[in-house]
Amino acid sequence: MSPLLELADLRVRYGHTAALHGVDLTVGQRELVAVAGANGAGKSTLVNAVAGWSRGRAVATGGVRLDGVDVAGLPAHHRTRKGIVLVPEGKGVFEGLTVEENLQLVSPPKGAGGKRYDVSDIYEVFPQLPGRASKKCSTLSGGERQMVAIGRALRAAPRLLILDEPSVGLAPRLVLDVLRHVRELVDGGLSVLLVEQNVKATLEVADRLYLLEQGRVVGSGPVEQMRDDERIVAAYLGGLRA
Ligand SMILES: Nc1ncnc2c1ncn2[C@@H]1O[C@H](COP(=O)(O)OP(=O)(O)O)[C@@H](O)[C@H]1O
Ligand SMILES: [Mg+2]
């Protein structure tokens, strides 16, 4: 069986500057795969290239296959229709609209292949949200806002949900809260590609982790193994082994 997502020698340039130097990566069905790396490592560049979003003058080459089918040449909205749904970093909600309006505004594209979520299903996934249904998103906490952003993405019936740094701007105690919800979605059948700088929290919820440095994958493996990786320990776990 081919993986749900398969990247083969993915390269991205901004003008003459290369930002990704040939990345190979897979996400299996019902797998939570994380990409960790410092600021500027190329994480957003990677997920934007998977979703078909071009920021500035990005030029991507290489294979992007969903269920064995090459989607690399497709524009972003066609990829969304095929089930690749990205929640970009720090975005994904309309601040001036209520929680309910934000969720209702999205409907699954025709032929969407993933599980469908009604607004009531989203409220079940995130029990914090029903009590906020009529509140404007601008009044929410960072964690609640991120839940609405993920909820909106679920409304599009994704097969592969991609989250670009959902923990940015969140109070530390909320980070694991949000990531645990993501884990529950995966246990319920979803496949997720998660980009995170909070490696400690990520190691608690992910199945596998890729370490990205300056546009290259320098290590990857199951989280049980990556937890002991020297580079992870030194750069992200405060140099202390658990
Ligand atoms: N639109 C752009 N134009 C030119 N260079 C960019 C652009 N976006 C990102 N870069 C560069 O590409 C590299 C990777 O950036 P990015 O993917 O945003 O990293 P990360 O998400 O890991 O912080 C950085 O060196 C950044 O300066
Ligand atoms: Mg980024």
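Helix α1 is followed by Gly52, whose phi is positive, near 85°. The structure is a predicted model, in which local features need pLDDT of at least 70 and side-chain atom pairs count only at pLDDT 80 or more, whereas totals for chains, interfaces and linings use all residues. Residues are numbered from 1 along each chain as its sequence is written, chains are lettered from A and ligands numbered from 1 in the order in which they are written, and side-chain values use heavy atoms, with hydrogens and water left out. Helices (H or I, at least four residues) and strands (E, at least two) are DSSP runs numbered from the N terminus.

Gly52 is located in the loop between α1 and β4. With a relative accessible area of 26%, Gly52 is partly exposed; buried denotes under 20% relative accessible area, exposed over 50%, and partly exposed the range in between (1.4 Å probe, protein chains only). Apart from neighbours within four places in sequence, Gly52 is in contact with Ala76 and Arg79, contact being defined as heavy atoms within 4.5 Å. The C-alpha atoms of Gly52 and Arg79 are separated by 7.1 Å, although the two residues are 27 residues apart along the chain.

Helix α1 itself is largely enclosed by the rest of the structure, because nine of its nine residues are buried. Among them are Lys43, Thr45, Asn48 and Ala51. The magnesium ion (ligand 2) is coordinated by Ser44 through OG and by Glu89 through OE, at 2.1 to 2.7 Å. Ser44 belongs to helix α1 (residues 43-51) and Glu89 to the loop between β6 (84-87) and α3 (99-104), so the pair ties together parts that are 45 residues apart in sequence. Glu89 is partly exposed, at 35% relative accessibility. Donors are N, O and S atoms within 2.8 Å of the metal (3.2 Å for Na, K and Ca); water is not among the atoms, so sites may look incomplete.

A helix pair was examined next. Helix α5 (residues 142-155) packs with helix α6 (residues 172-187) at an angle of about 20°, their axes lying 10 Å apart. This makes α5 roughly parallel to α6, a label given to angles under 35 degrees. Axes are lines fitted to C-alpha atoms, for helices over the stretch in contact, and angles run from 0 to 180 degrees between N-to-C directions. On the α5 side, Gly143, Gln146, Met147, Ile150 and Leu154 meet Leu174, Asp177, Val178, His181, Val182 and Leu185 of α6. By class, this contact of α5 with α6 has seven nonpolar, three polar and one charged residues. Ala, Val, Leu, Ile, Met, Phe, Trp, Tyr, Cys and Pro count as nonpolar, Asp, Glu, Lys and Arg as charged, and the others, Gly among them, as polar.

Arg30 occupies the loop between β2 (17-27) and β3 (32-36) and is partly exposed, at 49% relative accessible area. Its C-alpha atom is separated by 5.2 Å from that of Leu190, 160 residues away along the chain. Beyond neighbours within four places in sequence, the contacts of Arg30 include Val186, Asp187, Leu190 and Asp207.

Most residues other than glycine have a negative phi.

Key. Angles under 35 degrees count as roughly parallel, over 145 as roughly antiparallel, 65 to 115 as roughly perpendicular and the rest as oblique.
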